[in-house]
Structure formats: C-alpha cells, structure tokens
Amino acid sequence: MKRILITGATGNIGHEVIRFLYDNNTPNQIIAGVRNIDKAKIEFKNYAQLDYVQFDFEDSTTFDKSLDNIDCIFLLRPPHISDIDNYFYPLIKEVKAKKITQVVFLSVQGAEKSKIIPHNQIEKLITDYGLDFIFLRPSYFMQNLTTTLLNDIQVKRKIILPAGKAKFNWVDIENIGESTAKLLNDFDNYKNRVIELTGYENLDFYQVTDLINETINNKIKFDNANFLRFFWTKKKDGLNAGLIIVMMMLHLLPRFQSEPKISTFYEKLTGKKPTKLKEFIKRENKILTHPNIDSYPLKG
Ligand SMILES: NC(=O)c1ccc[n+]([C@@H]2O[C@H](COP(=O)([O-])OP(=O)(O)OC[C@H]3O[C@@H](n4cnc5c(N)ncnc54)[C@H](OP(=O)(O)O)[C@@H]3O)[C@@H](O)[C@H]2O)c1
C-alpha cells in the first residue's frame with residue numbers, strides 16, 4: 001500500500017481521479033490536499049476512507065506536513081497559477097527533499113511546443129530534479145462546454161470564442177480521471193513516460209454547435225468574435241484580464257497550428273473507446289438546454 005496525495009482534489013480532474021480510485025477499489029491510501037478541509041469533506045462525503053490534509057500551492061508553509069510520508073503525488077497546476085518559479089519551484093524542491101519519487105503531473109497536449117507554457121516549465125522542473133514521473137497531456141476538455149463556456153451558452157445561447165475554424169480534440173474528463181487513477185495505482189509500469197490523452201474527434205466550434213443543436217430545441221450559435229471584441233465582451237462579463245488573455249491564446253493559436261494528434265492510449269489502457277462528443281452532449285443535454293440551471297452537476 002502506498003500513500004497518494006491528490007492536489008486539485010476538488011477540481012474537475014481531481015474529483016474524477018478520486019472517484020475512479022475508489023470505484024476501482026484502490027489498495028492505496030488516498031489523501032486529498034486541499035485549501036478548505038471542511039468544504040472538501042462535504043464534497044467527498046461518500047468516500048469514508050479518504051484522508052485530508054491542508055495544502056495550498058500559494059502557501060509554502062503547508063508543504064512540509066502535507067508531503068510527509070507521501071509516496072506518490074498527483075500534481076496539477078491550478079489555472080490561475082502561472083508564476084512557476086514562485087510557486088512550483090519550492091514545491092518540487094520539497095517533493096525531492098521528502099524523497100517522493102512518483103510524480104504524476106497533469107500537463108496539456110502540446111506542452112512540449114513552447115517554453116512559455118507553464119506546464120512546460122513544470123515538466124522541466126520535475127525532470128531537472130530527477131524525479132520519476134508520468135506526464136499526462138490531455139487535449140481540450142469536453143467539460144469546457146459545461147463550465148467556462150456554460151454561461152454564454154445558457155444565457156446568450158452562443159459560444160463566443162476567437163477560434164475560427166480551428167479544430168480541437170475533444171476529451172471527456174471522466175476518461176482522464178479513469179486513466180489517471182490506473183496510472184497512480186500502477187506507476188512503475190508507466191514511469192518516465194509522456195502520455196497524451198485524447199478523444200478520437202477533432203472538431204471545430206461550428207461543428208460542435210451543430211452537434212449540440214441536433215439534441216436541443218432552443219438552438220445556439222457559434223460567434224467567431226475577433227480577439228478585440230472577445231476581450232471587451234469578456235471584460236464586460238467581469239472576467240479578469242489575465243484569464244481573458246489565456247482564453248484568447250488557447251482558442252486563437254490553434255488557428256495557426258496543425259490539427260491535434262489523436263492518441264489511442266485510453267483505449268489501450270482500459271479496453272474502451274473514449275467518449276464521443278455526441279454522447280457527452282446527450283449526457284449533459286439538460287444543462288445545455290435550460291437557461292436557468294447555473295450549477296454544473298459534476299460533483300457527487
Ligand atoms: N480545460 C482544458 O481544456 C484543459 C486541457 C488540458 C489541460 N488542462 C489543464 O488542467 C488544469 C486544470 O485542471 P482542472 O480543470 O481540474 O482545474 P479546476 O477544476 O479549475 O480545479 C482547480 C483545483 O485547484 C485547486 N486550487 C486552486 N488554487 C489552489 C491553491 N492555491 N492551493 C491548493 N489548491 C488550489 C482548487 O481547489 P479549491 O476548491 O480550493 O478552489 C481546485 O481543486 C490546468 O493546468 C489546465 O491547464 C486544461
């Protein structure tokens with residue numbers, strides 16, 4: 001039995017990882033590293049064996065205790081943290097000092113392409129410290145439709161993005177959580193590998209809008225805003241400038257890049273096909289249809 005610390009436990013991926021670990025009867029002790037233990041205990045009330053520890057990427061005084069007696073860590077970068085030197089350098093140093101060699105890091109597809117991508121810098125830190133790792137590089141989450149893009153879909157009946165006809169590879173976070181849980185349990189067989197996790201479909205936002213409209217009555221549109229209009233629309237919606245710029249880059253850059261690569265890793269690992277976007281849309285039909293539902297029922 002090993003002790004596995006899950007960071008970002010209450011987020012999209014972390015929650016799915018914990019769900020799949022317990023659904024598959026993990027033999028390991030799982031510890032959720034969270035900022036608010038009371039809140040996390042409510043979220044994970046169905047998992048009685050789960051342990052909790054105070055962990056804050058932005059407070060290095062929490063590292064010592066949270067990394068004590070940990071054998072393996074699932075690490076992600078919360079979306080708002082980009083200053084790797086300030087937050088990840090001290091953390092990885094402490095991971096090394098505590099002799100934790102098993103690091104599973106949630107990176108992003110294409111992280112190898114640019115040194116300015118924070119995930120690229122974190123991968124480099126982990127390898128520079130000589131830690132054994134698995135780098136997971138997933139493609140574009142289907143759940144972006146039911147989280148980041150949901151308000152525009154529900155209220156404006158639009159997807160507003162400067163994405164043009166760029167193709168994105170669509171992956172279900174359930175497939176990511178399931179794969180990650182297996183890799184955490186079976187680290188040694190996959191160690192020091194970079195693994196891309198994707199679905200089998202590369203689709204642009206016009207195609208995705210058509211797919212959504214096949215299953216709902218109150219149709220939506222894809223609004224291919226230029227980057228200035230996108231910036232001011234999101235600013236008016238109250239988003240902070242940093243986040244808008246990240247969203248802009250994420251959706252604008254693929255217009256000038258080749259189509260995402262498709263990986264068969266999930267099928268090889270689980271023997272199952274990855275979720276199709278049409279299946280996901282059907283699963284989430286209610287939330288995409290109704291303008292008054294404002295909480296995404298992912299947790300539970
Ligand atoms: N969206 C995509 O299409 C996509 C594709 C590939 C890769 N990714 C990568 O996936 C990662 C995001 O994963 P996600 O969607 O699971 O994230 P998420 O849902 O936004 O969750 C973030 C998690 O981090 C925790 N957190 C935030 N700040 C923290 C802090 N200072 N200390 C400790 N915990 C903190 C949050 O906990 P609280 O409950 O305390 O807030 C939450 O559990 C990013 O690195 C992103 O680049 C995203």
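A residue is near a molecule if one of its heavy atoms lies within 4 Å of that molecule. By this rule, 25 residues surround the ligand, and the closest are Thr10, Arg35, Asp56, Glu58 and Arg77. This is a predicted model, in which local features need pLDDT of at least 70, side-chain atom pairs count only at pLDDT 80 or more, and totals for chains, interfaces and linings use all residues. Residues are numbered from 1 along each chain as its sequence is written, and side-chain values use heavy atoms, with hydrogens and water left out.

**Ligand**

- A polar side-chain atom of Thr10 lies 2.5 Å from an oxygen atom of the ligand.
- Phe57 has a backbone N or O atom 2.9 Å from a nitrogen atom of the ligand.
- For Arg77, a backbone N or O atom lies 2.7 Å from an oxygen atom of the ligand.
- On its own the ligand has 940 Å² of accessible area, and the protein covers 83% of this (Shrake-Rupley method, 1.4 Å probe).
- The shell around the ligand has 12 nonpolar, nine polar and four charged residues; Asp, Glu, Lys and Arg count as charged, Ala, Val, Leu, Ile, Met, Phe, Trp, Tyr, Cys and Pro as nonpolar, and the others, Gly among them, as polar.

**Asn213**

- Asn213 is found in helix α8, residues 205-215 (helices are DSSP runs of H or I with at least four residues, numbered from the N terminus).
- Asn213 counts as buried because its relative accessibility is 14%, buried being under 20% relative accessible area with a 1.4 Å probe and protein chains only.
- A polar atom of the Asn213 side chain lies 2.8 Å from the backbone nitrogen of Ile220.
- Neighbours within four places in sequence aside, Asn213 is in contact with Lys219 and Ile220 (heavy atoms within 4.5 Å).

Key
Helices (H or I, at least four residues) and strands (E, at least two) are DSSP runs, numbered from the N terminus. Buried means under 20% relative accessible area, exposed over 50%, partly exposed in between (1.4 Å probe, protein chains only). A polar contact is a pair of N or O atoms within 3.5 Å; within protein, one must be able to donate a hydrogen and the other to accept it, and residues adjacent in sequence count only if both atoms are side-chain atoms.
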